[in-house]
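Please read the points below with the model open beside you, and check each one by eye as you go.

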Amino acid sequence: MLAEEQAALRRVAMLVARGAPPPDVFATVTKEVAQLLNVKHAGLGRYEPEGAFTVVAWSGTSDRLPPVGSQQLLGGRNVSTLVFETGRPVRIDDYRAASGPVGVAAREDGVGSGVGTPVIVDGRLWGVMATYASLERPLPADTEARLTSFTDLVATAIANAEGRAGLARLAEEQAALRRVATLVARGVSSTEVFTVVTQEAGRLLGTDLAGLARYDSDDTVTVVATWAAEGDLNQAHPLVPGPWPLEGGDLASTIARTGRPVRIDDYRDVPGRISEFVGKVLGIQSSVGSPIVVEGQLWGALFLHSRQTKPLPLDTESRLTGFTELVATAIANTQARAEVGRLAKEQAALRRVATLVAREASPAEVFSAVTAELGRLLGADIAALLRLNPGNTATVVAAWGQGEDRLPVGTRLLLGDDSVAARVLSTGRPVRAASPEHAAGPIGALARELGVTSTVATPIVVEDRLWGGVSVSSRQPEPLPPDTESRIADFAELVATAIANAEARTQLAASRTRVVAAGDETRRRLERNLHDGVQQRLVSLALEVRAAEAPPAGDLEPQLSRIGQGLNDVLEDLRKISHGLHPAILSEAGLKPALKALGRRSAVPVELDLRVDTRLPESIEVAAYYVVSEGLANVVKHANASVARVEVEATEGSVRLSISDDGQGGADPASGSGLIGLKDRVDAQGGTISIVSPPNEGTRLYVSLPLGPAEDAAPGMVSSGVFGRWPVGAP
């Protein structure tokens, strides 16, 4: 008996060692066991998750035996059910008391006793090996032990087969992932990657339908790729790409809410339109979905669907992860390439505009280039540049449009309360607007006439003052991209630079003209003074001297006295003229004594606070002296003040002056030639000047002169000392 048993085990072991398919091993084992133990039947069954087992092999012939491959329900008192419940060998010596579908079928087939031994594969209960004897020949007492050797071989064969299947499955999975990864590395379009991923995932995991969807910003999901195992699914059930609302317990809605993989094994009680379509229309029984996360943000999901009653395998979620990661990489790569391309186009457009600005092109040329570049770059339909005017109006100074529909340059717009232009020009901040059909006023009517659906505008600020705005508009149903405001801002800064440069050039030209005119006028005045005064006196004196050279006719003393007095008068006139050019005290004693003398001569009392202890560069002393001189002259002429105050402080880097009064205020820097002349003088030294003159509150003039070269002066800000911190153009 031992020899027969060893021979039987050896034959089975050889099959296992040769890697025979499990069905061949199962059939051989049941046959060998039945012959070795001389039993009525021997069978092998595999337990299923839903409380049943599948017959995988039988020995013996009987009409009552379940066919191989059939599935039997567990339950009652029989060896298959008891082994499943206990996980240990089981013996029933009297099958007349057996119950349950399996027990009844065995009893009706004449089975008197039975023994079942569990098949344990990698620590889990895989199935049962059972032997059945007739009432006349009960099973020997050592049947359980003798069956164990065969179940061990069966478990080894199953483990080997599962290992080989697992390796094959892993190889297939890696091959599929490699094919997708190759596409991603080649930089193909996202659409192609989506299509291949759904095909590879659906085929690899043996499902009936696979789909890939993208989440949208309005709480909807859109299908971007599908695959079906049975031909063209659209012929039987047209797929609707969406957008689908995220409103129920379907896969897409649950993933959007949790950000984790989701499984549905039964669609009968799942609410929502997506679930109704998938479950009822497509006939799907179970589904698994895995999220696609791109750079930390939920982008979409990959879905697998099955029409089989048996749920998808438990490892489906983890196996989907490799595909979703590749999809995320493809999307990130595509977005990065698109961003790089977009940035390159944007930088090229900015460079072209900046080149115009650097070449000192006219503002009109810059305006036209900016609107054209913005319109093409952002894919807009209309771009416009507006200049703010007094009286709540704006003028179109440049426009670009697709086709003939554009704003005519020179159009004057009345700014309504709710228009984009009005909001930009009143708040000084970027503004976005949609639905122009609800906008009131002439601008809203114009937007409706041009078919505009959305507009984004940003202000143009030139040297801290609101100059105007630039806008782009679209006729498409979807709004302009969310980054439109920031992308327009760079162009608005270039426009502001061009305007500031043009204004600076205009002011410089005007300043030079004024300087030349002032020089010419000074020369003419000196010429008149010298010609009409000194020159005429000298001519008269020369004639008198010649008369004195004649033979004396009388006393010469009175004549010589007149000549001497005349010379003294001429010298006095020359002194007065020279004092007008440059005060002698300034050259001899410096700024502080000169300003004290200036204060004593003023018709309005002057309070002096002079913190200048050393001599300064001559050009700075002259500029500071004449700034104070002109400032006090303006106080006397226009301020109607009772007192003026002059403060001067010299530090390491600059000299700061303040001239204030308690007069009537309301001084306008643009209306007086004196203040314009002061600005020219200060600008020539690289300094800054500002004036504050509210009505009935006096006037305060602030000046800062750099002690170093003009280019060393801090641009845009001066600080320290008694005057605090002043932005350029304001105190």
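1. V703 is found in strand β23, residues 700-706, where strands are DSSP runs of E with at least two residues, helices are DSSP runs of H or I with at least four residues, and both are numbered from the N terminus. V703 counts as buried because its relative accessibility is 1%, given that buried means under 20% relative accessible area, exposed over 50% and partly exposed in between, with a 1.4 Å probe and protein chains only. Although V703 and K679 are 24 residues apart along the chain, their C-alpha atoms are separated by 9.3 Å.

2. Please keep in mind that this is a predicted model, in which local features need pLDDT of at least 70 and side-chain atom pairs count only at pLDDT 80 or more, while totals for chains, interfaces and linings use all residues. Residues are numbered from 1 along each chain as its sequence is written, and side-chain values use heavy atoms, with hydrogens and water left out.

3. An open sheet has six strands in the order β3-β2-β1-β6-β5-β4, with antiparallel pairing; two strands pair if DSSP finds at least two bridges between them. The edge strands, each pairing on one side only, are β3 (71-73) and β4. On average, and with direction ignored, neighbouring strands of this sheet are turned by 25 degrees against each other. At one side of the order, β4 and β5 run antiparallel and are joined by three bridges, and R91 has V115 of β5 as its bridge partner.

4. Helix α3 packs on the sheet and touches β1, β2, β4, β5 and β6, its direction making about 150 degrees with that of β6. Here contact means heavy atoms within 4.5 Å, and angles run from 0 to 180 degrees between N-to-C directions, with axes as lines fitted to C-alpha atoms, for helices over the stretch in contact. The buried residues of α3 (residues 79-86) are V79, S80, T81, L82 and V83, and what covers them includes α4 (100-108) as well as strands such as β1 (41-48) and β6 (124-134). Just after α3, G87 takes a positive phi of about 75 degrees. Helix α4 lies across β2, β3 and β5, and runs at about 105 degrees to β3.

5. Leaving aside residues up to four places away in sequence, S113 touches I92, D93, Y95, T131, Y132, A133, P138 and L139.

6. A search of the whole structure finds two cavities of 30 Å³ or more, and about 330 Å³ of space lies in the largest cavity. A cavity is a set of points, on a 1 Å grid over the protein atoms alone, where a 1.4 Å probe fits but cannot get out, and lining residues have an atom within 4 Å of a point; a volume is the space filled by probe spheres set on the points, which are joined across faces, edges and corners. The largest cavity is lined by 23 residues, of which V223, I274, V278, F303 and H305 lie nearest its centre. The largest share of this lining, five residues, comes from β7.

7. In α9, the buried residues are I274, S275, F277, V278 and G279, and what covers them includes β8, β9 (244-245), α8, β11 (286-294) and β12. After α9 comes G283, whose phi is positive, near 70 degrees.

Note on methods:
On a 1 Å grid over the protein atoms alone, a cavity is a set of points where a 1.4 Å probe fits but cannot get out, and a pocket is an open set with protein on both sides within 12 Å along at least five of seven lines; lining residues have an atom within 4 Å of a point.
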